[in-house]
Each structure stands twice: as structure tokens, then as C-alpha cells.
Amino acid sequence: TGRATIRQLGAEMETTGKKGARGFAEASTGADRLRQSMAPAVGLARNLGLTLGAMEISRAVVQGTLGVERMDLALRSATGSAELAGEELGFVRGEAERLGLELLATGKGFTTIASAAKGTELAGGGVRDIFSGIAEASAVLSLSAAETNGALLAVGQMISKGKVNAEELRLQLGERLPGAFQIAARAMGATTQELDKMLEKGEIMATDFLPKFASELHKTFGPDLETAAGRSQA
């Protein structure tokens, strides 16, 4: 229907344009005659622009709706019920609004860690705390939606593997979240050198590390949240 409408408007513009050209050829003098002959074509061009704009808005609405539906289905799988999925979706929406983050991208990251945490002691409140810690850091550091989602994906991988390794913490998470390694060291009450040794020995369990890491993220970035939420990017 949209394509047919565009073709119809295009044909009308072509016809009106020809009329405008004939009107101009027949005009004896002056710019007034030119403006009069082209007025219908200009009007149709404006209408066409408005139609295309409305189509773009409609497409964005549809894509957004489909994105939320996909998120809901993933959360149903992660939580085991439609009711819990609805609660989690409401939580993600509230955090995105509170922190000025893009809903669909951050929601995708939330479903990643929620799915990874299914059946572990991090499921539920633990996942929410971890998500909020990353989201708050993202807001303060003005991370892009892709960077935020990448940080959450790295956390999901830690949960899935059960242990935290240096590559995930230094590279996958650290490249997206500046200062992540230093924050992790403070969370574990260790120096960065001590944390390195612990990681090499495989001594850091995700279920122990991530709640502490989330708490340290909140301490680090929480004081600047109000300012961050007022930025134009948010």
C-alpha cells in the first residue's frame, strides 16, 4: 500500500510538472506566472515528503514493537513465566528511562545476562543489581548503546562460564567500560597485581565477583548520575 501510494504521488507529480512546464512556456512574462504554474507540483512534493515521513515513523514504531516483543519472549524463557517476564521488562524500561539509555539495546543486554543466570544464585535480584551497575556506569561515561550492550554481553559470558578470566575482564569488558579492571580490583579488596594472579589461577567465581563488582560500580558512578541523566545524549 505504501509503495502504491508513492507511485501514485510520483505519477501525479510528473503530470503536474508537465502542466507546470506548459504553463511556463505559455507565460508571456514574469516570475509570478512561473510560481503559479509550479504551485501544484510544489504542493504535491510537500505532500509526498509528509507521506514518506509518516511511513518512516510507522516503520520505526513497528520495529520498536517487534523489538519489545522479542525481549518479552526472551525474558519468558529466562524467568520461566509471563508474569516474571513482565516484571523484568518493566524494570528494564524503568532503568532505561531513569538513566536516559536506549531501551531496546540495553534490554537486549539485560536478557543476555538474565538468560545466562537462569538456575544460578544470581537469577532475579542479582541480575538486576549487575545490570543497574553497568547501566549507571554507561550513563555517566556516555557510552554508546553498542558499548553498553557489549559490556553486558561480557558479563553474560562470565556468568555462563562460571569463572572470570583476564581476557573477559581486561579486554571484552575493559575496552567498553574504561577503568573496569581497577574497579574490579577494588571490588575484590585487592591490588591490580593481586587480581591478575587470582585470575591466572582461576580463583574468581562469577557468582562471588559480579555482585561485588556491581556494588563498586554503583559507588564509583552513583554520585554523578543526576548530572549524567540531564545530558542531551540521555
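Mentor: Start with Ala-78, which touches Ala-114, Ser-115 and Lys-118 when residues up to four places away in sequence are not counted. This is a predicted model, in which local features need pLDDT of at least 70 and side-chain atom pairs count only at pLDDT 80 or more, while totals for chains, interfaces and linings use all residues. Residues are numbered from 1 along each chain as its sequence is written, and side-chain values use heavy atoms, with hydrogens and water left out.

Trainee: Why does Ala-78 count as buried?

Mentor: Buried means under 20% relative accessible area, exposed over 50%, and partly exposed in between (1.4 Å probe, protein chains only). Ala-78 has 12% relative accessibility, so it counts as buried. Its place is in helix α2, residues 31-79.

Trainee: How many helices and strands does the chain have?

Mentor: There are 11 helices and 0 strands. Helices (H or I, at least four residues) and strands (E, at least two) are DSSP runs, numbered from the N terminus.

Trainee: Why is the pair of Phe-91 and Phe-110 called tilted?

Mentor: A search of the whole structure finds 4 aromatic pairs. Rings of Phe, Tyr and Trp (its six-membered ring) pair if their centres lie within 6.5 Å; planes under 30 degrees apart count as stacked, over 60 as edge-to-face and the rest as tilted. Phe-91 and Phe-110 have ring centres 5.8 Å apart and planes at 50°, so they are a tilted pair. Phe-91 lies in helix α3 (residues 82-99) and Phe-110 in helix α4 (residues 103-116), so the pair ties together parts 19 residues apart in sequence.

Trainee: What makes the pair of Phe-110 and Phe-131 edge-to-face?

Mentor: Their ring centres are 5.1 Å apart and their planes are at 85°, so the pair is edge-to-face. Phe-131 is in helix α5, 21 residues from Phe-110 in helix α4. Phe-91, Phe-110 and Phe-131 form one aromatic cluster.

Trainee: Are Phe-110 and Phe-131 buried or exposed?

Mentor: Phe-110 is buried, with a relative accessible area of 0%. Phe-131 is buried at 2%.

Trainee: How do you know that Arg-170 lies over the face of Phe-181?

Mentor: A charge sits over a ring if NZ of Lys or CZ of Arg is within 6 Å of the ring centre and within 35 degrees of the ring normal. Arg-170 is at 3.7 Å from the ring centre of Phe-181.

Trainee: Why is helix α8 called largely enclosed by the rest of the structure?

Mentor: In helix α8 (residues 180-187), 6 of the 8 residues are buried, so the description holds. They are Ala-180, Phe-181, Ile-183, Ala-184, Ala-185 and Ala-187. The buried residues of α8 pack against α7 (166-173), α9 (192-200) and α10. After α8 comes Gly-189, with a positive phi near 65°.

Trainee: What is the span of helix α10, and what is expected?

Mentor: Helix α10 (residues 206-221) has 16 residues and reaches 21 Å from its first C-alpha to its last, close to the 22 Å expected. The expected span is 1.5 Å times one less than the number of residues. Among the buried residues of α10 are Phe-209 and Phe-213.

Trainee: What makes the largest nonpolar core, and which residues have the most contacts inside it?

Mentor: A nonpolar core is a set of buried Ala, Val, Leu, Ile, Met, Phe, Trp, Tyr and Cys residues joined through side-chain atoms within 4.5 Å. The largest has 52 residues, and Leu-169, Leu-173, Phe-209 and Phe-213 have the most contacts inside it. Helix α5 (residues 125-141) gives the most to this core, with 8 residues. Leaving aside neighbours within four places in sequence, the contacts of Leu-169 include Met-158, Phe-181, Leu-195 and Phe-209.

Trainee: How many residues of the chain count as buried, as a percentage?

Mentor: Of its 234 residues, 36% count as buried.

Terms used: Contact = heavy atoms within 4.5 Å.
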